[in-house]
Amino acid sequence: MEHAEILISGAGIVGLSIARELLRRGYENIVLLEKETDVGKHASGRNSGVLHAGIYYAPGSTKAQTCLRGNRMMREYCREKGLPLEQSGKVIVASSHDEHERLLALYDRARTIGAAVSLIDTKELAEIEPAAATVEKAIHSPETAVINPKRIVQHLVKDITADGRARILFETAFVRPIRPGLALTTSGPLRYRRFINASGAYSDVVAQAFGLGHAYQLVPFKGLYRQLVPERRGMIRGSIYPVPDIRNPFLGVHFTKSVAGEVHIGPTAIPALGRENYSLFGGLDAEAFRFAWRDVVLFTRNAKFRTIALTEPRKYMFSQFFKDASKLVKHLNPTDIAPSSKVGIRPQLVNVQTNELVMDFLVEEHDGDIHILNAISPAFTSSFAFAETIADLFDSQETKTPDHNDPA
Ligand SMILES: Cc1cc2nc3c(=O)[nH]c(=O)nc-3n(C[C@H](O)[C@H](O)[C@H](O)COP(=O)(O)OP(=O)(O)OC[C@H]3O[C@@H](n4cnc5c(N)ncnc54)[C@H](O)[C@@H]3O)c2cc1C
């Protein structure tokens, strides 16, 4: 029977970054289980590719502590490995006086948590991002960058498996623990000493198989994108974002020029009915009823969710999507926007007691096992710094953890 010192379920950016950090600290025989044939099939390969710069997050939150540091670490990694990286910056613009008030509050929050941002006027905005439109001021974030997320996860696979101390078992899913130290996978049983759950959209299912995470339920949100037609890509230099409602975890439809020069517009945050519901009816199963029921409960009990549920699905309609996009830039025509096949799902957790969307990353631990729940945006940006936090926790438990497979 296979034996892993450390078994990690999920080889997305979170699982891979943790494996990398544990290897750096001298651990060996790390096995990652990945249910797909390759990495980057889900959130880690389907995101906006933006390295956020620590602007939006509640002071003291794990997001605030890891985002900017993670951004800098990831930029360093891309430079060192020759991976695509553009530090093209971002502006956040206000489309009304009410939004302008919120923009000023956002600026204060960003400064409080240490983001390198400046408040710029329309003249400065025109120099940085000529097509962007704002009411009065805008926020400029020069540390925001774009990367190719798929290339990064693929490169991490090479890095962490290079000397044989870590392996990835593809097409192998973690099913459930048989007993402490023994896991059932779709390729058979596997013994392990320590376990880390980094299963992305299935983290809650895996945690629940260990008797954890019962205070939360998952609500998937679909992020659809469109794109600028090639002739109009030149109008955008970096990223243009709206002022978000920071009580929700979504940043709003934005323009982002990718490292390949395409300009994506999106993503939406439309309540979805499946963890992998990328197409209209694809990825739906019996769980769809549970997701629908949770949406109904949230709709009746949570005013912020109600706003999302009433506004976001309208963005399936081109006219509504266009209306949102055209608030951010001057002179946008409907013919400037083309469809895009890019789509992602955000596996958002809800606290079932409070009916609130969980805003921060969550970590639950038991008996030396670590479960990472709610690794939502900006978890890609944060991943290297977050992996250090998880590895510190892992180290701190090392002396206390019994070896379940030790015959003594
Ligand atoms: C539309 C969208 C846009 C985003 N934009 C950004 C952005 O610009 N910047 C940013 O920083 N973040 C962004 N994010 C968030 C970011 O992509 C995610 O937070 C991050 O990728 C989560 O990584 P993960 O490793 O937890 O999950 P995943 O990438 O989903 O990886 C989890 C892996 O676990 C595997 N798995 C699941 N269950 C099992 C099992 N039982 N056994 C074995 N394997 C299993 C899955 O196949 C998957 O490969 C965005 C997300 C979305 C959806």
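Student: In β14, which residue is the bridge partner of Val-91?

Tutor: Quick caveat: this is a predicted model, where local features need pLDDT of at least 70, side-chain atom pairs count only at pLDDT 80 or more, and totals for chains, interfaces and linings use all residues. Residues are numbered from 1 along each chain as its sequence is written. Strand β5 (residues 90-93) runs parallel to β14, with four bridges joining them; strands here are DSSP E runs of at least two residues, numbered from the N terminus, and two strands pair if DSSP finds at least two bridges between them. In β14, Val-91 is bridged to Ile-240.

Student: And in β15, what is the bridge partner of Ile-240?

Tutor: β14 also pairs with strand β15 (residues 254-257), antiparallel this time, over two bridges. There, the partner of Ile-240 is Phe-255.

Student: Are the faces of β14 buried or exposed?

Tutor: Side chains in a regular strand alternate between the two faces of the sheet. In β14 (residues 239-242), one side carries Ser-239 and Tyr-241, the other Ile-240 and Pro-242. Buried means 20 or more other C-beta atoms within 10 Å of a residue's own, with C-beta atoms placed from the backbone. By that count, all four residues on both faces are buried.

Definitions and conventions: A residue is buried if 20 or more other C-beta atoms lie within 10 Å of its own, exposed if 12 or fewer, and partly exposed in between; C-beta atoms are placed from the backbone.
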